[in-house]
Amino acid sequence: MLTKAEEIECVKTAWEPGIADPSRGREDFERIAACFFHDLNLRGARILDLGPGHYDFGNSLSDSGAVVVGYELDPAVIKLGQLKGFEVIEGNVYDVEHLNSLRGSFDGLFCRGSFNSRNFEDTAAHQTYLKTLISVVKPEGFSWISPCNDPLGDLASDTEFDRIVIEQIEFFRKSNFQVYDESDDDLASAFGLSSTAPRLLFTKGFELTPEDIRRKLSAGPAEPSLLSPLRNLKRWLFG
């Protein structure tokens, strides 16, 4: 949720209606960070946030020592990142050539719904994009990727959709990613993946089973620590 007047004014011209809404919650990102990222030693790590929105993912790691870098084309979102103090790379998330120039530049990658695989004309283009996307991460790095393949609706049952889903799952399994699919529906809902079809999540470098994640979710919020007042102060000051 954005609270500063200059940030609220900034997102009014955002291309996506969801980004233009300053009241958008950040709870999903807090759960993602708590389940996957808070147990990692992130000090000094550079993480690419593909399509950062309100930069809620970056804010959720504010005390971790990581450097979260946005990757965005929308001028409003770029400006918002600058207002919040984030480094932002200007680029189209589908620009394979530009992404290829970032090969091996990051320790981690985060992407929640920032690319739609229906935008690729065929299997070859789809596979090339996925290979290029994960190549921005160093071999020993980590990735958290949930594609947006299509809004829920009639198109979700056609053969083109089925092809895309099968290709994605096969690609990420061959690339040694953990695959969470619709059998893990409760996890998808907890992480705000309910508006995509299907609810797919691909991760690497976390070594967490679905049961591990469920235990983390059921544990609820961590007990207040000495860092909590500092985190709350940062949110009040910087949004």
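Modeller: What follows describes the sheet, then the helices on it, then the aromatic rings and the cysteines.

The model is a predicted one, and the protein in it holds 11 helices and seven strands. The seven strands form an open sheet with mixed pairing, in the order S3-S2-S1-S4-S5-S7-S6. At the edges stand strand S3 (87–90) and strand S6 (178–180), each of which has a single partner strand, so that one side of each is left without a neighbour in the sheet. From one strand to the next, the twist averages 20 degrees.

Several of the pairings can be followed residue by residue. Strand S1 (residues 46–50) runs parallel to strand S2 (residues 67–72), and five bridges connect the two; Leu-50 has Tyr-71 in S2 as its bridge partner. S1 is also parallel to S4, to which three bridges join it, and here Ile-47 stands opposite Gly-108 in S4. S4 in turn is joined to S5 by six bridges, again in the parallel sense, with Arg-112 standing opposite Ser-146 in S5. Strand S4 (residues 106–112) is mostly covered, since five of its seven residues are buried.

Helix H5 (residues 75–84) lies across S2 and S3, and its direction is at about 160 degrees to that of S3. Helix H8 (residues 159–174) also packs on the sheet, where it touches strand S5 (137–146), S6 and strand S7 (201–204), and it makes an angle of about 10 degrees with the direction of S7.

As for the aromatic rings, a search of the whole structure gives 20 aromatic pairs. In one of them, the ring centres of Phe-37 and Phe-57 are 5.1 Å apart and the planes stand at 70 degrees, so the pair counts as edge-to-face. Phe-37 and Phe-57 are both buried. Another edge-to-face pair is that of Phe-171 and Phe-172, with 5.1 Å from centre to centre and 85 degrees between the planes; Phe-171 and Phe-172 are buried as well. Ring pairs also link a cluster made up of Phe-29, Phe-36, Phe-37, Phe-57, Phe-110, Phe-142, Trp-144, Phe-191 and Phe-206.

The cysteines deserve a separate word, as the count of disulfides is zero. The sulfur of Cys-111 has its closest cysteine sulfur in Cys-148, at 9.6 Å, which is too far for a bond because a disulfide calls for sulfur atoms within 2.5 Å. Cys-111 is buried, with a relative accessible area of 0%, and Cys-10 is buried too, at 7%.

For the protein as a whole, 47% of the 239 residues are buried. Among contacts with a separation of 6 or more, 70% are between residues 24 or more positions apart. The accessible surface amounts to about 11,800 Å², and carbon and sulfur atoms account for 53% of that surface.

Notes:
Residues are numbered from 1 along each chain as its sequence is written. This is a predicted model: local features need pLDDT of at least 70, side-chain atom pairs count only at pLDDT 80 or more; totals for chains, interfaces and linings use all residues. Side-chain values use heavy atoms; hydrogens and water are left out. Rings of Phe, Tyr and Trp (its six-membered ring) pair if their centres lie within 6.5 Å; planes under 30 degrees apart count as stacked, over 60 as edge-to-face and the rest as tilted. Buried means under 20% relative accessible area, exposed over 50%, partly exposed in between (1.4 Å probe, protein chains only). Two strands pair if DSSP finds at least two bridges between them. Helices (H or I, at least four residues) and strands (E, at least two) are DSSP runs, numbered from the N terminus. Axes are lines fitted to C-alpha atoms, for helices over the stretch in contact, and angles run from 0 to 180 degrees between N-to-C directions. Contact means heavy atoms within 4.5 Å. Accessible areas come from the Shrake-Rupley method with a 1.4 Å probe; for residues, only the protein chains shown count as cover.
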